Amino acid sequence: QVQLVESGGGLVQAGDSLRLSCAASGRTASDYAMGWFRQAPGKDREFVAATSRRGKFTLFADSVKGRFTLSRDNAKNTMFLQMNSLKPEDTAVYYCAARYVPYDSYWSARGRNDYNYWGQGTQVTVSS
């Protein structure tokens, strides 16, 4: 199985940028589709973005489309979430998630139950 560790969170002001990283270990990251979710206080964990095994396909929640980009470096077993033009409503704990898929193809999974490996999360706080 794969272990996931997020990093890169912090406290920023509205309009700033942050880049989150998700480092995978234990298995080859390229065997997994991966995604980001977030959970704000008192709210359910929600989908943010996801990518196919080799990063050819990506998808985003409407709330972050045009502001966030997603990439992965499978040689380094790492996925990145570049977050630009941050807003106070982006404040949340951000979680990295992964699911083993047998071959590379279009990936469109947005549900929590579509992923079976999770990191511990990294806090992102955006002040107004």
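Predicted model: local features only at pLDDT ≥ 70, side-chain atom pairs only at ≥ 80, totals over all residues.

Modeller: Residues are numbered from 1 along each chain as its sequence is written, and side-chain values use heavy atoms, leaving out hydrogens and water.

Colleague: Why is the link of Cys 22 and Cys 96 called a disulfide?

Modeller: A disulfide is a pair of cysteine sulfur atoms within 2.5 Å, and the sulfur atoms of Cys 22 and Cys 96 are 1.9 Å apart, so the term applies. Both cysteines are buried.

Colleague: What makes the pair of Tyr 32 and Tyr 117 edge-to-face?

Modeller: Rings of Phe, Tyr and Trp (its six-membered ring) pair if their centres lie within 6.5 Å, with planes under 30 degrees apart counted as stacked, over 60 as edge-to-face and the rest as tilted. The centres of Tyr 32 and Tyr 117 are 5.9 Å apart and their planes stand at 85°, so the pair is edge-to-face.

Colleague: How do you know whether Tyr 32 is buried or exposed?

Modeller: Buried means under 20% relative accessible area, exposed over 50% and partly exposed in between (1.4 Å probe, protein chains only). Tyr 32 has 2% and is therefore buried, whereas Tyr 117, with 21%, is partly exposed.

Colleague: Why does the charged end of Arg 45 count as sitting over the ring of Tyr 95?

Modeller: The rule asks for NZ of Lys or CZ of Arg within 6 Å of the ring centre and within 35 degrees of the ring normal. The charged end of Arg 45 sits over the ring of Tyr 95, 3.6 Å from its centre.
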